[in-house]
Structures are given as structure tokens and as C-alpha cells.
Amino acid sequence: MSELREVIIVGSGPAGYTAAIYAARANLRPLVIASSVEAGGELMKTTEVENYPGFPEGIQGPELMIKMQEQAERFGAEIVLDDVVSLDLAGDVKSVTLGNGDVHEALTVIFATGSAYRKLGIADEDRLSGYGVSWCATCDGFFFRQKTIAVVGGGDSAMEEATFLTKFADKVYLIHRGSSLRASKVMQERAQADPKIEFIFNHTVEHIYGDELVTGIGIVDTTSGAETTLDVSGLFIAIGADPRTHLVHGQLDLTTFGTIAVDGRSSRTNLPGVFAAGDVIDPTYRQAVTAAGSGTVAALDAEHYLAALPRELKDRVEVPAERADVSVGA
Amino acid sequence: MSDAKAVTDDTFQTDVLDSSDTIMVDFWAEWCGPCRAVSPILDQIAAEHADKIKIVKLNVDDNPAMAMKYQITSIPAMKVFRGGQVVKTVIGAKPKPALEADLAEFLA
């Protein structure tokens, strides 16, 4: 058991790191549980980010996240590359247990675990995952040089994946169940102008074929019900993401969208001292910059909560000797 | 940086297929974020089980022949070789306990 802290942040996307920057600058010495293999969050799997303010030429997603991490560390945030396996959030002192067995305790927890890729939920999807079925174009696109592949989805991430994949593939089918796209205008136009991308509207993917590797998919017309087989060697799934809340089921209230319920525009959950930020509370916008803003809200809410705690609780927080030397601001 | 020895298209036969050890090949690339994330975990597993398994890396950018031969379509892809044969494939970056569970039969 390590010493009692003021703030533990679970998650290391834009929400988690921005909360860490604010909490660290408030001299709360946050501990960020960043995950063992997903530190930096979703943006680690993207390429060019063109809509994050302050980068007029765009910035690579991984580079942006490394900069956020460095900024948090500069002000004294501690970052642990491990995964949370369980949380006890009910009492005045919250405890967080990690995959390596370490238990950390804090007076507040900021929960910013983001979301996880949604699956199609059809047969053979799991079996062929990694064998032609993919959720990460930047990781796997390279292996589909001169191949024909399909992307399923209608949002920005589907457009981005399809456009990125044309660097490698000869042809990319973009399959969308609706008749119009959710994606932003600029992303739609870029994909539609690409001669390698063929849009197939009003179709769902119902089958994935292949013994060892994907060889084709079965798509069904949502109006006529007719099924067509497309010979593709890859299927990239970009149909959205679900808030990652399994760690707090039974402890934190959820909304009908499955996101963590927070009080109004704040980050306050149903449990005192527990705050939530980023995609895990956001069923609507889910942008890097809205997540970052949400992380700011959570850090400020945690700071106010800590300020109002009784002295006997705050006195239990062990302040390391070197903390007096930490200079913040400027 | 990874501690694992790099193998190539040219050295694969000698370093992996002809080896009498249990060898896990980590197929990776510079541009693959999950590959970078899992690399230190593989180093730890290799260090903790040095008598059981050797872990080497193959850069798929520089060594397309082996990536193609083993039908890699997603990285990180980790393939365990014994006596020149693939006996286990693990795909995707996973936390250490999950990787140890996947590889349990080779680490015990």
C-alpha cells in the first residue's frame, strides 16, 4: 500500500492528461494510471489531427498525446503504465488496484477511461480479428498493399480510415447502413473525391468469410434484403465506440446512453470525490478538444472538493519533502 | 528501445527456424503505436523467463518476405516457434497478465 494521495486519474487520453496538467499545476501531484498498452488513448492510433486548436498545419495524434504527457509531467504528474483492475470508490478514501497488484489510495478519483471500439457483433468477427478484420487502419493498412478491402461505418473515423487505406489498397469499399453520412463535410468530401473509394449506402455487413484469412464479406441491402458477396481481403470496422465503464458498474450511475452520469455541466458523479471526464461521459461530441475541456472541469471540481474536505482527512495526505521545491506556473 | 534481438529475412532460418530454443518472434514496425506499447512488456517477459523462451523482433517494413510468408495482416503479431514450426500466435498489444496467460504453456 502506498501513501494516501489527493488525486488519482484513471485514463491517459486528452481528458486524463488535461486533468493531470490542471491538477499538477494546482500542486495536487496527481497519479495518472495510463494503461499498459493503451497509454495516450485513441489518438495514438490516428494519423493527422487537423482540428485540434493551436496546430494550424495539423499534428500527428501520437505526437499530440506525447506532448500532453510531457506537459503533465513537467508540472509534477506521476504516470504509471499499468491497468486498473478494480476500484473502490465509496468511502472518503478511494482505492485503485492495478494489474501488477499495487494498490493506490486517494481522496479523489477522476475517471477518464474513454471508449472502446464497437464490434459488429456477427459470426467470425472475433475469429478473424487480426487475420483481416481490423479496428486500426494505421496499424494494419500496410499489409493490404494492392488489395481490395472494405471499411464499414459512416462517421469521421470511417472516412479517415478509408482515405488512409487508399495509400496501400487498390480499392476500398466504404459500406454504410444509412443513406447519408454522419461524418463532417470536409472528411466526406475528401473520401468522395478519392477515386479508389467506392461508397455502398444502405447496406450492412452480415457475414465475414475466410478460413485462415478474410476472403470476402456478405453485405445485405437494408431495403430489399438482398445479400451480395464482396471479395475483400480486409474489413476495417469503424462503427463507433462505447463508453468504457465496466470498472465502475454498480458503483457509478450511468445514463441511458451508457455513459457515466454527471451533475449538470460538472464532472461530479453520484459518489462524492469521484469525477468523470471525456468520452466516458459524452454521448454526443467526443472530440479530442471537448475531452480536454472536460478534463479541465474534472480537475477544477476535484480541487474544489478537496478544498472543502475536513482538515483531519486532508492531514492524512502525505506530502513528500521535495514538494516544497516544486515550482509551478510561470 | 527494445532489448530484443532483431532478426531479418536473411537470418530468420538460422536464428528462428533452426534454433533448438522456444523462440517468439514479435512482428512490428516503427509506425505501429501498439507495437511500441507492448515492446517493454515483451522485454520483461523475456527477462523473467529467459530459461524458457527467447523473444526476438522482426521489423515488417524491412523484412517483407517473412511478414508475407507468415501472412501477417495485423501487428503487433507474436508467433512462437518450436522446431521451425509456429506453435502459437498472439495478435495485438495486451497487458502483461493477458500475454502471460496466452503464453502460459511456454513460460511454465
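Trainee: In this predicted model, how many residues of domain 2 of chain A are in contact with domain 1 of chain A?

Mentor: Chain A is divided into domain 1, residues 4–117 + 241–325, and domain 2, residues 133–237. The centres of these two domains, taken over C-alpha atoms, are separated by 34 Å. Domain 1 of chain A contributes four residues to the contact, and the number from domain 2 of chain A is five.

Trainee: Of the residues on the side of domain 1 of chain A that touches domain 2 of chain A, how many are polar?

Mentor: The contact involves four residues of domain 1 of chain A. One of them is nonpolar and one is charged, and the number of polar residues is two.

Trainee: Which residue of β15(A) stands opposite I208(A)?

Mentor: Strand β14 (residues 203–209) and strand β15 (residues 216–221) of chain A run antiparallel and are joined by six bridges. Within this pair, the residue of β15(A) opposite I208(A) is I217(A).

Trainee: Which residue takes a positive phi in the hairpin of β14(A) and β15(A)?

Mentor: This hairpin has six residues between the strands. A positive phi near 145 degrees is found there, and the residue that takes it is G210(A).

Trainee: Which residue takes a positive phi in the hairpin of β15(A) and β16(A)?

Mentor: Here five residues lie between the strands. The positive phi is near 80 degrees, and the residue concerned is G225(A).

Trainee: What is the radius of gyration of chain A?

Mentor: Chain A comprises seven helices and 19 strands. For its 330 residues the globule rule gives 20 Å, and the value for chain A is close to this, so the chain is as compact as a globular protein of that length. The radius of gyration of chain A is 22 Å.

Trainee: What percentage of the residues of chain A count as buried?

Mentor: A residue counts as buried if 20 or more other C-beta atoms lie within 10 Å of its own. Among the 330 residues of chain A, the share that counts as buried is 46%.

Trainee: Which element supplies the largest share of the side of chain B that touches chain A?

Mentor: In this interface, 20 residues of chain B are in contact with 19 residues of chain A. Both α2 (33–48) and α4 (96–102) of chain B supply at least two residues of that side. The largest share is five residues, and the element that supplies it is α2(B).

Trainee: How many residues on the side of chain B that touches chain A are nonpolar?

Mentor: That side of chain B also includes five polar and two charged residues. The number of nonpolar residues is 13.

Trainee: What is the radius of gyration of chain B?

Mentor: Chain B has five helices and five strands, and from the N terminus on its elements run β-α-β-α-β-α-β-β-α-α. The globule rule gives 13 Å for 108 residues, and the value for chain B is close to it, so chain B is as compact as a globular protein of that length. The radius of gyration of chain B is 12 Å.

Technical notes:
Residues numbered from 1 in each chain as written. Chains lettered and ligands numbered in written order. Predicted model: local features only at pLDDT ≥ 70, side-chain atom pairs only at ≥ 80, totals over all residues. Contact = placed C-beta atoms within 7 Å. Helix = DSSP H or I, 4+ residues; strand = E, 2+ residues; numbered from the N terminus. Nonpolar A, V, L, I, M, F, W, Y, C, P; charged D, E, K, R; others polar. Pairing = 2+ DSSP bridges. Domains from an automatic or database assignment. Rg over C-alpha atoms; globule rule 2.2 N^0.38 Å. Buried ≥ 20, exposed ≤ 12 C-beta atoms within 10 Å, placed from the backbone.
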